[in-house]
Amino acid sequence: MLITGPRGTKDVLPEASAHWQYVEKTAREVCRTYAYQEIRTPIFEHTELFLRGIGETTDIVQKEMYTFNDRGGRSVTLRPENTASVVRSYLENKLYSGPQPTKVYYIGPMFRYDRPQAGRLRQFHQFGLEAIGAGGPAVDAEIIMAAVQFFRKLGLTDLNLFINSVGCPKCRPVYRTRLQEALRDKLPDFCPDCQSRFDRNPMRILDCKSEKCAELSADAPEMAECLCEECAGHFAGLKELLTAAGVDYKVNPRLVRGLDYYTKTAFEIQYPLLGAQSAICGGGRYDGLIEECGGDPTPAIGYAIGLERVLLALEKQSLLPAIPTEIDVFVAAVDDATRAKAFQLLCGLRRAGLRCDMDFMERSLKAQLKQANRYPARFVAIIGEEEAAQDKVTLKNMTTGEQELVDAAGIGAKLKGDLEE
RNA sequence: GUGGCUGUGGUGAAGUGGUCAACACGGCGGAUUGUGGCUCCGUUACUCGAGGGUUCGAGUCCCUCCAGUCACCCCA
């Protein structure tokens, strides 16, 4: 073995690709009913876009981007997420001049230079939705419902939806200072991670897995207490709509998202059985991003679903559909002299729309029957010297074992009729 | 970026200094000349992750690297 795939990448092999197609198809169906249209943006963008969009202090930007100079000396980056690209495209293509809000979805690979572990890859795939232009809680509710619907459709249960409000540029700084005030004295007792989070992203401290830190921050103030009137109203509105829609959710006042651009609504859907990487869907509102990217102030909300994690969850619950490998007809040639004839027959059967195959390894008739049996094949069409001489084929029904001599002409149409009965 | 565990053929794996590196599954071929699923038989090129070192001798001991895996960080 000379070359292996790059670390953190995975080949989707034939037996798994049907599962991917199934999940993608389900995603598209949900988007169709929610009236979201697909958008396909480039896999790489100017590095600048992500620096500005995601935020220079975020982990994604600081340590996880695949950045390189192209031959023209431009710094480009493999997209670590797709929201920034969608916003860029929205502005560049003036999608705001169409009917609003702009509702789009995407499915595709993302790249993050992380240490791989269960449910985490360097190239992974996300299915995401973005609704740009509407600021009220109704879009928040709609877009969350689309995710819920997606998981329902796949049959996934035991999912937890957590929501929170992370405030806006008006009220978040107020909270941030209040939180820092409350924690400052105890800071030396926190874990090293939390100490470094104190300045960079103090809200993360509330989310620390260390029991000690959780204890120390137990009585810290919560964002909800500091929300401005607008944010509080928005959050209340969302909760009402979700409740009315009959969706189970939990408010998690400590839920924080890792990207800078989030405002107001933040949410996450977890599938606890996945292990450490249990977030299967995450997103929120980003009312400041479009302006940050050079557009007019425009509210927006979106999220992404990790498809590898969805597949893992489906596997855990045995919800992946069986992949049929059965073929309609296997064409078997008795000897070398009849191979060409067999190939002709094969072509005819395929023209008739049948799923069929033949041997390409010059195997014996016996071996060909074995091969046919393994698919399995409903019928085997055998062509030997005798059949070839009179333009007939021996048609063997592999379930009953019966066989009969039939005319070669029109066999495709006849079989097709039989199989459809 | 940090840490734990792991690394033998297509797969699952025995083997912990000294005969040809077990066994099972799978793959391929065959079991009287044109026929499957069961059974039986045969077969399947081993740099034992890579590179160094110790030793008369290493898959077995040591070092380095690489990869996989799980966890931290972070996130989908």
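What follows runs from the overall picture of the chain to a handful of residues.

**Confidence.** I kept in mind that this is a predicted model. Chain A has an average pLDDT of 91, and 99% of its residues reach at least 70. I then went through the elements: strand β1 (residues 37-38) has the highest mean at 98, while helix α16 (residues 411-420) has the lowest at 79.

**Overall build.** I counted up the secondary structure of chain A and got 16 helices and 16 strands. The box around the C-alpha atoms, set along the principal axes, is roughly 95 × 50 × 50 Å. I also checked burial, and 47% of the 421 residues are buried. Of the contacts with a separation of 6 or more, 69% link residues 24 or more positions apart.

**Surface and charge.** Chain A exposes about 21500 Å², and carbon and sulfur atoms supply 50% of that. I looked up the charges too: there are 53 positive and 58 negative ones, and their mean positions lie 2 Å apart.

I found Pro192 in helix α7 (residues 192-200). I count Pro192 as exposed because its relative accessible area is 67%, and the cut-off is over 50%. From there I took a distance to Ala381, which is 189 residues away along the chain; the two C-alpha atoms are separated by 71 Å. Ser217 sits in the loop between α8 (211-216) and α9 (223-226). With a relative accessible area of 0%, Ser217 is under the 20% limit and therefore buried. What does Ser217 touch, leaving aside neighbours within four places in sequence? I listed Leu183, Phe190, Ile205, Leu206 and Arg254.

**Cis peptides.** I noted a cis bond between Gln100 and Pro101, with omega about -5°. Pro101 belongs to the loop between α4 (83-92) and β5 (102-111). Another cis bond joins Tyr375 to Pro376, with omega about 0°. Pro376 is in the loop between α14 (365-374) and β14 (377-383).

**Positive phi.** Asp158 is not a glycine, yet its phi is positive, about 60°. I placed Asp158 in the loop between α5 (137-154) and β7 (160-165). Is Asp158 buried or exposed? Its relative accessibility is 52%, so Asp158 goes down as exposed. Asp391 also has a positive phi without being a glycine, at about 55°. I found Asp391 in the loop between α15 (385-389) and β15 (392-397).

Definitions and conventions: Residues numbered from 1 in each chain as written. Chains lettered and ligands numbered in written order. Predicted model: local features only at pLDDT ≥ 70, side-chain atom pairs only at ≥ 80, totals over all residues. Heavy atoms only, no water. pLDDT = per-residue confidence, 0-100. Helix = DSSP H or I, 4+ residues; strand = E, 2+ residues; numbered from the N terminus. Buried < 20%, exposed > 50% of the residue type's maximum accessible area, 1.4 Å probe, protein only. Contact = heavy atoms within 4.5 Å. Areas by Shrake-Rupley, 256 points an atom, 1.4 Å probe, with all protein chains shown as cover. Lys, Arg positive; Asp, Glu negative; His and termini not counted. Charge placed at Lys NZ, Arg CZ, Asp CG, Glu CD.
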